[in-house]
Amino acid sequence: MSHDAEVAAVQAWIEEHHDDLLRDTRAMLQIPSLEEDALPNAPFGQANRDALDLILKWADESGMATRDLEGYCGFAEFGSGPAMVMSLGHLDVVPVGPGWKHEPFGAEVDGGYIYARGASDDKGPTMAFFYAARAVQAVLGDPGVRVRSVFGCNEESGFKCVERYMQTEESPTIGVAPDAGWPCIHGEKGIADFVIERPMPHGAITLLSMEGGQRPNIVIDSCRAICAIDPAYRATMEGFIADSWDRNLSFSWEGDHLTIDAVGKAAHGSYPFGGDNAAIRIFRFLKEAAPLEQEHDLDSLHEVTHIGGNGIGIAGSDEASGALTCNLGIVRTTADDRLQLTLNVRYPVTWDGDELKAKVEAKLLTLPDRYWLEHFRDSKPLYFPLDHPLVKTICEVHHAETGETKAPGTMGGGTYARAVPNCVAIGTGWAGDGPAHETDERMKVEHLFKMARIYGHLLIKMCRVAKTMV
């Protein structure tokens, strides 16, 4: 069968199974696969275990060989030969947060869209690629390479799933993670979490507690701070509250204790300027309301949270991937009277994480009061040249299917591609889908089908390319 005939047959199979793809995608989205406490054979909780069991069951029923890696992840495979083509999708999702108009795990179809947490990131694309693999299996049987679909359960909060995979399993000849922008992402910024601590601010305004944020990679959408206000400063503070311009802040008194509640807007941590950080709103108010003797300290606390990294001495960019971003993802009070800030930094692809860490430590030494780096976690950047066979193949298929001539991009988000050799992230969805990590996440039903069609074509082409690379 010619290449064109194979593509046509695979895409015809996908079209015949549109109803099945929609049904199964909705069933997967109805599983609330948030990370929870570990259970036996379920290191990320029962819901993630349920999602993995369901997709492995479907793969078994399709005649694929399956393997479960103790609940960390699993994979399904068909075909034979020394070359292996891989897809990497994830079944876990980020927390929901307030403000949804549709049930977050209802998978309701409304106006042609499926609404659910995970619809665009990443259950929808994962199901589209799984159906593309089923189509290739149904049409070609054995394509002369091994086609392996990996399903992870910890992408959103640590990548422990693919770390477990790499301990015992084989790297692909080439692979893709359907979890990015079209046609593909040839560069992913480095991702570093900086956990910075300092003593709680004391003075006329004494911060007693502050809590906000769910994950480092989500913009904080709600936050609460409780402050003790010196009685001699109370009248001044009440004046600042009365004159406050920020309508996203609310205030309440209990004796000399002032509670400040802030409302913001969640967004992906790689795009902090797309959200509205509730914790930063509180820091800004405290800076504006500070007495003279606390002004420098509270101003530095606000500056540390700057979304360009200016406050921790790492602002900058490179030509390949653009500017560094810095998201305050979690703020909390520790048991021993310390304020802890978790900053999720996406740094340029040509930079080095260890050098970045040294810059942060040096900058913290210059700040008033005392700041220190309590913990540092780094995921190195990913970068493929534009003439790499995998990148070229993806671009060719995307152009053939859409008619668009679009250059590969770079991004601040991190995908499985950075954790498994020989992989890049590929496009998912189109205008109107998503946005990832925000309220009312959605995927257009027609886009789900369109993705599966493109993925089917891509998978056939990848099989042919992989044979030439071993």
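Is Gly45 buried or exposed? In this predicted model, Gly45 counts as buried, at 1% relative accessibility.

Gly45 belongs to the loop that runs between helix 2 (18-29) and helix 3 (46-61). In sequence, Gly45 and Cys153 are 108 residues apart, while their C-alpha atoms are 9.5 Å apart in space.

## Salt bridges

Arg198 takes part in a salt bridge with Asp297, at 2.6 Å from N to O. Because Arg198 lies in strand 9 and Asp297 in helix 8 (residues 292-304), the contact ties together parts that are 99 residues apart in sequence. Arg198 is buried, with a relative accessible area of 0%, and Asp297 also counts as buried, at 11% relative accessibility.

Arg198 also meets Asp369 in a salt bridge, at 3.1 Å from N to O. This pair links distant parts of the chain, 171 residues apart: Asp369 is in the loop between helix 9 (353-364) and strand 18, and Arg198 is in strand 9. Asp369 is partly exposed, with a relative accessible area of 48%. Elsewhere, salt bridges with shared partners join Asp246, Asp276, Arg281 and Arg284 into one network.

## Aromatic pairs and charges over rings

The structure contains 13 aromatic pairs. Among them is the pair of Phe129 and Tyr455, which is tilted, with 5.0 Å between the ring centres and 35 degrees between the planes. Phe129 lies in helix 4 (residues 123-140) and Tyr455 in helix 11 (residues 445-467), so the pair ties together parts that are 326 residues apart in sequence. Phe129 is buried, with a relative accessible area of 2%, and Tyr455 is buried as well, at 0%.

Two arginines are placed over aromatic rings. Arg234 lies over the face of Trp253, at 3.8 Å from the ring centre. The charged end of Arg442 sits over the ring of Tyr113, at 5.9 Å from the centre of that ring.

## Cysteines

The count of disulfides is zero. Cys326 is in no disulfide, and the nearest cysteine sulfur, that of Cys223, is 16 Å away. Cys326 is buried, with a relative accessible area of 0%. Cys423 is likewise in no disulfide; for this residue the nearest cysteine sulfur belongs to Cys184, 12 Å away. Cys423 counts as buried, at 0% relative accessibility.

## A nonpolar surface patch

On the surface, Tyr271, Phe273 and Ile307 form a nonpolar patch, with about 310 Å² of accessible area together. Of these residues, Phe273 is found in the loop between strand 13 (257-263) and helix 7 (278-289).

Conventions:
Residues are numbered from 1 along each chain as its sequence is written. This is a predicted model: local features need pLDDT of at least 70, side-chain atom pairs count only at pLDDT 80 or more; totals for chains, interfaces and linings use all residues. Side-chain values use heavy atoms; hydrogens and water are left out. Rings of Phe, Tyr and Trp (its six-membered ring) pair if their centres lie within 6.5 Å; planes under 30 degrees apart count as stacked, over 60 as edge-to-face and the rest as tilted. Helices (H or I, at least four residues) and strands (E, at least two) are DSSP runs, numbered from the N terminus. Buried means under 20% relative accessible area, exposed over 50%, partly exposed in between (1.4 Å probe, protein chains only). A charge sits over a ring if NZ of Lys or CZ of Arg is within 6 Å of the ring centre and within 35 degrees of the ring normal. Patches are made of residues with over 30% relative accessible area and no salt bridge: like charges are joined within 9 Å, nonpolar side chains (Val, Leu, Ile, Met, Phe, Trp, Tyr) within 5 Å. Accessible areas come from the Shrake-Rupley method with a 1.4 Å probe; for residues, only the protein chains shown count as cover. A salt bridge is a side-chain nitrogen of Lys or Arg within 4 Å of a carboxyl oxygen of Asp or Glu. A disulfide is a pair of cysteine sulfur atoms within 2.5 Å.
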